[in-house]
Amino acid sequence: MSNASILITPSILSADFRILQKEVESVEPYADWLQIDVMDGHFVQNLSFGAPVAKWIETKLPLDIHLMVQNPRDRIREFLEIGAKNITFHAEAVGEGKERKALLKAIHEGGATAGIALNPETPLSAAEDILSEVDLLLVMSVHPGFGGQEFLSDVLQRVQAARAAYPDLMIQMDGGVDAKTAPLCIQAGANNLVAGSFIFRSQDRAEAIAALRACATSSPG
Ligand code: DX5
C-alpha cells in the first residue's frame, strides 16, 4: 500500500473547543479528512455535539461523520445538509438487512459515501450483509465514547481479514492511533487513520500528521 493511499483523519473530539475553528485550521493544510464524533449519551455514555455545532466549522477538509448514536437514521439529513463527505453508522445500532440498506441508500442519494463501524468486540460477520456495498469499514480500536484510550491490538486480526476479503475497501481505524500503533494498523491493511489525542495534544500538528504518514512508508506491504 503506497504512502499516497493512506488518509489521515484528525478527530475533533480532542480539540480545544474554545478555539475550535483555529484547531481545525491548524490541521487543514496537512490532513485529508476531518472526523466529527457525534455521540448521543445512549449508544455511548458520553455526549458530544451534532450538526448544529458542526455546521459552523469552516474547512476545505471533507467532513467524515462518525455517528455513535442509537438512531442514525434520525441524523442523516442534517449532516447531508452541511455537506458531509462520508457518514458512518454503527453495525450495533442498525439491524442487518433492510434497515441498513435503507440507510445506505439515503446516504448515497444525499451525495455522501457511507461507512459501517464495528465496536472492538463486534465480529466482522456482523457487517457481512453490507460490506460489499459500503464505501468504508471503520474498525474501532478503542471502545467508543472517549478520546485518549489505549489501542486494542486484538482488532488488528479483523482488519487483516477484512482486507483479505475486500481488497479495494477503505478501512479506517479509530482509537489510540499514534506513531507507535499506526504502523500496525497499516500493516494489517487499514488505509484511513483517525487520530484525536495524538494530533491535537501535539504542539506541532504538521509534525504529528507527518509522523503518521511516515508510518505508511516504513510499513511493509
Ligand atoms: C472514540 C472516538 C475517537 C476518538 C479517538 O470514541 O471515536 O475518534 O476521538 O481519539 P484518540 O485518538 O484520542 O484515541
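A pocket here is an open set of grid points with protein on both sides within 12 Å along at least five of seven lines, and its lining residues have an atom within 4 Å of a point. Keep that in mind as you click around this predicted model.

**Stop 1: the pocket.** Start by selecting G147, G148, D174, G175 and G176. Of the 24 residues that line the largest pocket, these lie nearest its centre. Next, colour β2, β8 and α7 (197–200), the elements that each give two or more residues to that lining. The pocket's volume is about 260 Å³. If you colour the lining by residue type, you'll get 11 nonpolar, 10 polar and 3 charged residues.

**Stop 2: the ligand.** Now show the ligand, and you'll find it sitting in the largest pocket. Which elements give two or more residues to the shell around it? Select β2 (34–39), β3 (63–68) and β8 (192–195) to see them. The largest share comes from β2, with 3 residues.

**Stop 3: the neighbours.** Select the shell itself: 21 residues surround the ligand, and the closest are G145, G148, G176, G196 and S197. By type, the shell splits into 8 nonpolar, 11 polar and 2 charged residues.

**Stop 4: side chains reaching for oxygen.**

- S11: one of its polar side-chain atoms is 3.0 Å from a ligand oxygen.
- Q35: here a side-chain N or O atom lies 3.4 Å from an oxygen atom of the ligand.
- H66: a polar atom of this side chain is 3.5 Å from a ligand oxygen.

**Last stop: the cover.** How much of the ligand's accessible area does the protein cover? On its own the ligand has 370 Å² of accessible area, and the protein covers 99% of that.

Conventions
Residues numbered from 1 in each chain as written. Predicted model: local features only at pLDDT ≥ 70, side-chain atom pairs only at ≥ 80, totals over all residues. Heavy atoms only, no water. Near = heavy atom within 4 Å. Polar contact = N/O pair within 3.5 Å; in protein donor to acceptor, adjacent residues only side chain to side chain. Areas by Shrake-Rupley, 256 points an atom, 1.4 Å probe, with all protein chains shown as cover. 1 Å grid on protein atoms, 1.4 Å probe; cavity = no way out; pocket = protein on both sides within 12 Å on 5 of 7 lines; lining within 4 Å. Sits in = over half its atoms within 2 Å of the grid points. Helix = DSSP H or I, 4+ residues; strand = E, 2+ residues; numbered from the N terminus. Nonpolar A, V, L, I, M, F, W, Y, C, P; charged D, E, K, R; others polar. Points joined across faces, edges and corners; volume = space filled by probe spheres on them.
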